[in-house]
Structure formats: C-alpha cells, structure tokens
Amino acid sequence: MVGGLLLEKTATFAATRSEGSLRSLAVMVRFLAMTANGLNDLNNPLTTSMLKPRVRFAPSPTGALHIGGVRTALYNYLFAKQHGGTFILRIEDTDQNRFVPGAEAYIIETLKWVGLLPDEGVAFGGDAGPYRQSDRKDIYQRYARELVERGHAYYAFDTPDALDARRQSEENFTYNYLTRSSLTNGLTLSPSEAQARVAAGEPCVVRLLVEPGQAIHVRDLVRGDVVFQSSELDDKVLLKADGMPTYHLANIVDDYLMRITHVIRGEEWLPSTAHHVLLYRGFGWEDTMPQFAHLPLILKPFGNGKLSKRDGAKFGIPVFPLEWNGATPDEHFSGFRDTGFLPEAVINFLALLGWHPGGEQEIFSLSELIEAFSIEHISKGGARFDYEKAKWFNQKYIQAADNAALATHIRPLAAAKGYATSDDFLAKVAALMKERVTFLPDFVEEGYYLFEPVRHYDDETLQKKWNAGLTPIFEELTARLATFEPFESGDLEGVVKNFISEKGLKPGDVLPLLRLAFAGTMKGPAVFDMAAALGRAETVERLRRFLAHAASFHAVGV
C-alpha cells in the first residue's frame with residue numbers, strides 16, 4: 001500500500017513539476033519516504049531537518065544593498081551551512097523601472113567581502129538556473145497561463161486610466177472580490193471574449209483570484225502561527241502587461257523550481273506571505289511549500305522606526321556594507337568597508353542584531369556562528385542598530401588580528417597617502433597601534449608619525465617639561481643613540497634608563513620628552529617600541545628636529 005502510494009505521488013510530482021530535475025525527484029522521494037513514516041508535515045521542523053535545506057538570498061538590484069540585507073544573507077548562510085545545505089544567490093530584477101546599473105555587481109562584491117560565498121547563483125553557477133529573474137521571463141509566462149487554466153487567476157484588461165478613475169472616485173479603492181465584478185476582466189467577460197482579447201494582443205495583466213472567507217495560516221518559525229483573512233487581501237497582479245512577472249509570481253515559481261526549503265527574509269515581507277500561500281495552493285504545490293521565517297526589523301540607533309538608507313547621513317554612520325556612488329550626490333553613501341571595518345567584525349555584529357544563543361559570549365568566528373545559530377533564538381522584536389557596539393566589535397577584531405594580516409589591510413591605506421613601506425614595517429605598525437585604533441584608516445591617520453615626521457608638537461606639555469638645561473643632555477643622548485647597537489626596544493630601554501640615572505634625572509624628566517620627539521603627542525605606543533620601529537637613522541633625526549623646535553620654542557619665551 002505504501003509503495004503504491006509512493007509511486008503514485010512520485011509520478012504526479014514528476015508530471016506537474018516540468019521545470020524540475022532528477023534532483024528534484026530525489027527530494028520528493030525522500031519527502032514521500034517521510035510521509036510513509038508519518039512525517040508528512042513540512043512545516044514541522046523535525047521533518048525539514050531531515051532534508052538538506054536549500055535557502056536563497058534574493059535581493060533586487062535597485063541601488064546599494066542595505067546592511068539589513070547583509071544580515072538576511074548571513075542568517076540564510078548560517079542556517080544552510082549548519083545543516084549541510086545550499087546557499088543560493090538569486091537576483092530579483094523583474095521591476096526594470098527600478099533597475100540600477102552596477103547594483104548587481106555591488107551585491108556580489110559585498111557577499112565576497114564578508115565571506116558569504118553562495119553555493120549556487122548569479123556569478124556562481126549551479127544546475128537550477130538561470131538565477132537572474134529577467135532571464136526567466138518565458139518560465140513565468142507559462143506558469144501564469146497555467147494558474148489561469150487552473151481557475152486561480154484571471155486576465156484583467158482594465159486600462160491604467162480606467163483604474164486611476166476608480167481610485168479618484170472611490171476612496172481606498174482595492175481590486176478585490178468586492179470590485180472585480182464591475183471591472184473588465186476574465187470574470188466579467190465570457191471565456192471566448194477574454195481569450196480573443198488575449199490572442200489579439202490586447203494589453204492585459206494576470207491577477208490572482210482571491211476568494212473571500214478564508215483564514216490563511218502561516219506557520220512562521222520566528223513568529224508562530226500568523227493568520228490572515230482572505231477578505232482583506234487584494235487580487236495581486238502576477239504578470240504585468242509587458243510580460244514581466246511581479247515579485248509575487250516570480251518568487252513562488254522560483255522557490256518551487258529551485259527547490260527552496262526555507263524562506264528566511266525580512267519582516268516587511270510577512271504581509272505578502274498570505275498571497276504566496278494562496279499561490280502554492282493554486283499551483284498544487286502546498287505539500288512542498290517552504291517553511292517561512294521572518295526576521296525582525298533593524299531599528300534606528302535613536303528614535304522610532306526602522307533603519308533607512310538616509311539614516312547614514314543623518315547620524316553620520318554607515319548603513320551599507322560598501323561605499324556606493326549613485327547618479328547624484330544625494331545617492332552617495334559610505335560603507336562599513338571604506339569606514340575601516342574588518343569583514344569579520346561586521347559579520348559578528350550583524351549576527352547578534354536580532355539573534356543570540358544565550359550566555360555571555362559575544363565574539364564569534366564564522367565557524368562558531370554556524371555551529372551556534374538557530375532560528376529559535378531569533379527575536380520577534382526589532383533590533384536596535386547600535387553603532388557604538390559595531391565599533392567595539394571592530395576594535396576587538398583588530399586587536400586579535402595577526403600583525404601580518406593587518407599589514408595587508410594597512411598597505412593600500414599607506415600607499416594612498418604616498419607612504420612607501422615594507423610589509424615588515426607595516427606589521428610593526430600594526431603591533432604598535434592595534435590596541436589604540438578603532439578603524440583601519442586610524443593606523444595611517446592617528447599613527448601618521450610612524451610614516452612621516454611629526455607635524456605638530458604638543459607645546460603645552462613641552463612648556464611644562466622643557467628647560468634650557470636639558471639641551472646638552474638631549475644632545476649627548478642623541479649622540480649615544482646614533483651609534484648604539486642593537487637598536488631593539490628592550491636594549492634601547494636599558495641604555496636610556498641607565499643614561500637617565502647617570503645624569504641624576506628621573507624617568508619623568510626625559511621619557512615624556514622622548515615621546516614628544518617621536519610622536520608629537522603624549523598619546524601613542526611605548527617610547528622604545530616606537531624608536532625600534534622607526535630605526536636608528538629616523539630616531540636620531542627626530543631627536544635633532546625636536547631639539548631645534550625646543551630651542552626655538554624657548555627662545556621666543558613661550
């Protein structure tokens with residue numbers, strides 16, 4: 001009995017899912033095997049966990065990818081990798097009016113920068129493509145016709161002018177079960193007339209037929225059972241007059257054909273899910289409908305509302321992963337990368353922006369996130385975008401980073417300022433500065449004195465510490481250092497402190513002035529570490545330059 005049921009259901013699946021593959025059939029066979037064992041509810045996490053999940057990150061190339069989109073990609077990636085599944089990049093570009101050149105490349109570059117490499121997708125290949133929706137136009141048209149034939153959608157011939165007139169004459173006009181009988185569509189025309197109009201090429205759209213009186217349940221893995229009333233839904237346009245699908249049709253068809261098991265996306269898509277459930281039912285695909293998990297909003301750092309792209313300029317913070325240069329100055333946005341964040345820090349920050357496994361641990365490597373991640377620990381409430389916390393993460397990751405690795409990040413920053421340096425020197429700079437910086441550019445900006453002569457001295461400190469009697473002492477010290485070997489931090493500390501003792505001075509009489517000579521400020525790395533990194537020639541030159549400044553400073557009686 002069970003074997004016959006399996007064969008019958010498998011044959012039906014293979015016949016109806018024409019765009020699938022043998023791999024699709026294998027997935028269904030596994031599902032039917034679970035059915036035979038009483039595990040026939042794909043909304044049951046236990047059932048789906050027995051399959052290797054296939055998830056997708058499906059952004060639209062309408063401009064710079066918001067940082068919230070990166071979090072969505074991250075959660076999809078973590079879930080897929082934890083369960084040995086597949087992470088797919090799909091580009092949803094059906095709205096050609098909003099398409100922005102360069103946006104697709106920006107999305108791909110972002111994923112590469114943060115280390116979330118898709119297993120399949122645009123620019124990554126795979127056997128379920130094409131993965132760009134504009135390349136799948138014929139597929140959507142075929143499924144739109146099928147839905148009409150099944151009686152769950154209809155052609156609508158209303159002109160834009162006619163619909164505008166209704167909207168002007170009726171407040172809150174909605175194309176739904178209450179109004180469609182008074183409009184020009186396949187429900188008010190005879191079947192032959194509707195088909196004749198379509199055959200003649202008359203402009204029309206395909207709309208979803210939403211029947212009233214249904215309670216549509218969505219079992220969301222984050223929010224539990226969410227119920228929508230079909231009487232409150234409109235008859236969504238599925239296929240536009242230009243032959244392009246809307247998000248709703250393309251999303252469902254693609255998720256089905258690409259064998260998506262879990263849809264993990266932002267909370268803003270939750271209201272659309274009711275229409276999507278109806279589409280799965282209309283196509284007869286409800287048994288293979290993916291599980292849904294709608295992520296909480298990312299909130300503004302201050303005030304109310306979700307974080308928007310304009311908040312970056314408003315609060316002086318990045319809200320995009322990478323810098324974006326749009327067509328106008330208003331469309332220029334800074335990003336986390338050009339601000340000076342390490343990608344690992346961004347990933348750690350975003351992971352905890354709406355999810356936490358519990359406990360005190362805050363620093364997670366990507367592999368640790370994969371191991372710890374669970375949808376059950378995603379919060380329902382919005383997550384506040386705490387930029388100070390993001391900076392804290394970046395500091396921690398910079399401090400923990402290998403000096404040679406940091407040198408690779410510092411190198412282009414140094415080159416941009418015209419500093420010609422070796423990798424060995426940059427690693428020394430990393431060691432000296434990484435406990436003192438927040439962003440990568442700080443290495444060459446706050447630590448500029450490691451690359452070029454001191455620009456300005458802290459004359460307030462100089463006034464307190466310097467007197468004319470120190471001139472011959474510093475001249476003698478300079479001469480001694482000019483021939484001292486080995487020129488290493490520990491050895492330098494020993495010879496200088498012995499010199500101070502010989503002269504009957506205290507460390508506080510000399511060391512602050514050495515710091516001024518090397519860095520121009522009382523802040524910065526340890527004095528002898530700086531001298532060792534600068535080398536003998538530069539150390540001696542800075543002492544001489546400092547003596548000249550001190551002499552002129554004292555001469556004018558400051």
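Strands S6 and S7 (residues 224–229) pair in the antiparallel sense, over six bridges. The model is a predicted one. A hairpin of three residues links S6 to S7. Across the pair, Arg 219 stands opposite Asp 225 in S7. S6 itself (residues 215–220) has two faces. Ile 216, Val 218 and Asp 220 make up the covered face. Ala 215, His 217 and Arg 219 make up the uncovered one.

Next comes a sheet of three strands. It is open, with the order S4-S5-S8 and antiparallel pairing. Strand S4 (153–156) and strand S8 (237–239) stand at the edges. Each has a single partner strand, so one side of each is left without a neighbour in the sheet. Neighbouring strands here are turned by 45° against each other on average, direction ignored. Strand S5 (residues 205–208) is joined to S8 by two bridges, and these strands run antiparallel. Arg 207 has Val 237 as its bridge partner in S8. Strands of a sheet pair through backbone hydrogen bonds, either parallel or antiparallel.

Now turn to the helices. Two packed helices are described by the angle between their axes and the distance between the axes. For helix H4 (residues 67–82) and helix H13 (residues 343–351), the axes come within 10 Å and cross at roughly 85°. That makes H4 roughly perpendicular to H13. On the H4 side, the contact is made by Ile 67, Val 70, Arg 71, Leu 74 and Tyr 75. H13 contributes Val 346, Ile 347, Leu 350 and Ala 351. By class, this contact has eight nonpolar residues, no polar ones and one charged residue.

H13 is mostly covered, with eight of its nine residues buried. The buried residues are Pro 343, Ala 345, Val 346, Ile 347, Asn 348, Phe 349, Leu 350 and Ala 351. What covers them includes H4, helix H5 (103–114) and helix H12 (336–339). Helix H14 (366–372) and helix H15 (387–400) are also among the covering elements.

Lys 309 lies in the loop between strand S11 (298–299) and helix H11 (311–315). Glu 331 lies in the loop between strand S12 (324–325) and strand S13 (332–333). The pair therefore ties together parts that are 22 residues apart in sequence. Lys 309 is partly exposed, with a relative accessible area of 35%. Glu 331 also counts as partly exposed, at 22% relative accessibility.

Another pair sits within a single helix. Glu 541 and Arg 545 both lie in helix H24 (residues 536–555), four residues apart, about one turn of the helix. Their side chains meet in a salt bridge at 3.2 Å, N to O. Glu 541 is partly exposed, with a relative accessible area of 33%. Arg 545 counts as partly exposed at 29% relative accessibility.

Salt bridges can also link up into a network. Arg 56, Arg 90, Glu 92, Arg 136, Asp 254 and Asp 255 are connected in this way.

How values were computed:
Residues are numbered from 1 along each chain as its sequence is written. This is a predicted model: local features need pLDDT of at least 70, side-chain atom pairs count only at pLDDT 80 or more; totals for chains, interfaces and linings use all residues. Side-chain values use heavy atoms; hydrogens and water are left out. Two strands pair if DSSP finds at least two bridges between them. Axes are lines fitted to C-alpha atoms, for helices over the stretch in contact, and angles run from 0 to 180 degrees between N-to-C directions. Angles under 35 degrees count as roughly parallel, over 145 as roughly antiparallel, 65 to 115 as roughly perpendicular and the rest as oblique. Contact means heavy atoms within 4.5 Å. Ala, Val, Leu, Ile, Met, Phe, Trp, Tyr, Cys and Pro count as nonpolar, Asp, Glu, Lys and Arg as charged, and the others, Gly among them, as polar. Buried means under 20% relative accessible area, exposed over 50%, partly exposed in between (1.4 Å probe, protein chains only). A salt bridge is a side-chain nitrogen of Lys or Arg within 4 Å of a carboxyl oxygen of Asp or Glu.
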